[in-house]
Amino acid sequence: MICPEPSALQELVRELHQQARPWLPAGSGSRLNWGAAVLPAPGESEPLVVSTGGLNRLVEHCAGDFTVTVQAGLPLQTLQAELANTGQWLALDWPWGSGPNGESSGTVGGLVARGLAGGLRQRYLGVRDQLIGLELLRADGTTAKAGGKVVKNVAGYDLMRLFCGSWGSLGLITELTLRTYPLPRHRSGLLIRGELTALEQLRRRCLAAPLMPQRLDWWSAGVMGCEQPALLLALASVSQAAITDQLTQHRQAAAELGLHTDQLTSERLQELEQQGRQGKSDWLLQLGVPPAQAAVLLADAACAGMACNLAAGVGTGLACAAADALPNYRVQELRQRCRELGGQLSVLQQPASATPLPCWDASPASAVIEAVKRQFDPLQQLARGRLPGVVQAGLST
């Protein structure tokens with residue numbers, strides 16, 4: 001992995017373009033194995049990785065405007081700590097396998113390039129909705145910008161949508177401006193366990209309540225050692241009384257449905273949020289179904305043996321399993337089940353011993369995606385073989 005000085009980065013990209021050499025944009029390199037396999041240049045065993053690790057400055061924090069501008073290689077953990085000093089935060093989930101207590105969370109640029117959102121999307125929407133400005137280097141070294149540094153500036157919005165979730169296939173993100181939020185003054189929640197049918201009824205009630213959940217996540221049986229499926233509910237407000245009143249109502253409703261509830265302090269809630277996004281992940285899958293179908297999916301035999309964590313309000317989330325607990329055919333069955341329920345499955349990580357499966361389904365807009373790729377990267381240098389929505393040659397869905 002090459003980590004050039006900021007002053008040398010643009011010239012390096014230009015040289016690679018002149019050589020027509022394939023390369024992979026990266027941040028800290030902590031999750032290079034996620035997503036579709038990247039093809040190396042002919043005659044090479046590994047793809048050339050170019051890191052933005054040298055671009056690690058917090059450029060500007062406009063606390064009064066609730067915006068922050070950072071270089072793409074700034075670690076997410078560092079940024080959250082800096083924002084916390086002013087009572088603010090990025091309302092984004094930590095990537096799978098990381099958290100606020102010292103684990104590797106990767107860089108801000110990597111977070112945007114993957115575009116994955118968790119349970120906080122329920123209240124704050126996804127990564128691309130937090131993004132208000134972006135700078136990048138195109139494959140030929142040309143600098144480009146989109147958006148701005150104020151929340152109401154929507155110039156270049158479509159370009160930012162393209163790069164959020166592009167997995168390094170369109171260019172190298174170098175700088176980002178994102179919106180921030182005040183840290184919640186009061187926060188607490190519930191862990192609710194029981195039968196899926198009853199949990200689904202409570203899920204609907206929670207989403208219709210006057211105080212919108214900050215988080216409402218489905219947990220399959222097996223997450224955190226729970227023998228039954230569960231809902232993890234988090235409420236945040238400037239008023240502790242409002243939270244207490246809402247939680248009391250939810251506990252009463254849960255009792256009527258025969259569900260068991262555990263009251264969670266802010267500290268315990270944070271622990272469970274982090275632990276619920278951990279697990280032995282030889283297999284790491286991204287699942288997405290319509291919200292009303294999430295309970296149906298969790299009840300399906302195809303999910304047996306996996307730990308699933310889905311945002312209950314939007315139906316998307318992650319599932320993990322050890323290699324010996326999940327043969328290839330089971331992943332293919334689960335992918336087909338997701339399709340039948342109106343959703344999809346992406347394979348973010350798979351065991352080296354497994355027969356390779358395509359990362360994502362072929363999109364109905366595959367032709368358009370490939371046309372956009374040709375415009376941004378005519379020599380097909382960037383993340384060769386990794387293009388979201390397009391199945392890698394030689395793999396069958």
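Analyst: In this predicted model, the largest pocket holds about 1,200 Å³ of space. Its lining is made up of 42 residues, and those closest to the pocket centre are Arg128, Cys164, Gly165, Gln344 and Pro388. Two or more lining residues come from each of helix H5 (127-130), helix H6 (157-163), strand E14 (283-288), strand E17 (344-349) and helix H12 (366-376). Sorted by class, the lining comprises 21 nonpolar, 14 polar and seven charged residues.

Strands E14 and E17 also belong to an open sheet of eight strands, ordered E13-E10-E12-E11-E15-E16-E14-E17 with antiparallel pairing. Strand E13 (260-264) and E17 are the edge strands, each pairing on one side only. From one strand to the next, the twist averages 20 degrees.

Within this sheet, strand E10 (residues 186-193) and strand E12 (residues 230-237) run antiparallel and are joined by eight bridges. Ser188, for instance, has Leu235 of E12 as its bridge partner. Helix H8 (residues 240-256) packs on the sheet, where it touches E10, E12 and E13, and its direction makes about 5 degrees with that of E10. Helix H11 (residues 328-340), in turn, lies across E14 and E17 and runs at about 145 degrees to E17.

One further residue deserves mention. Glu200 is part of helix H7 (residues 196-208) and counts as buried because its relative accessibility is 10%, under the 20% limit. Apart from neighbours within four places in sequence, Glu200 contacts Trp218, Ala292 and Ala295.

Notes: Residues are numbered from 1 along each chain as its sequence is written. This is a predicted model: local features need pLDDT of at least 70, side-chain atom pairs count only at pLDDT 80 or more; totals for chains, interfaces and linings use all residues. Side-chain values use heavy atoms; hydrogens and water are left out. Helices (H or I, at least four residues) and strands (E, at least two) are DSSP runs, numbered from the N terminus. Buried means under 20% relative accessible area, exposed over 50%, partly exposed in between (1.4 Å probe, protein chains only). Contact means heavy atoms within 4.5 Å. On a 1 Å grid over the protein atoms alone, a cavity is a set of points where a 1.4 Å probe fits but cannot get out, and a pocket is an open set with protein on both sides within 12 Å along at least five of seven lines; lining residues have an atom within 4 Å of a point. Grid points are joined across faces, edges and corners, and a volume is the space filled by probe spheres set on the points. Ala, Val, Leu, Ile, Met, Phe, Trp, Tyr, Cys and Pro count as nonpolar, Asp, Glu, Lys and Arg as charged, and the others, Gly among them, as polar. Two strands pair if DSSP finds at least two bridges between them. Axes are lines fitted to C-alpha atoms, for helices over the stretch in contact, and angles run from 0 to 180 degrees between N-to-C directions.
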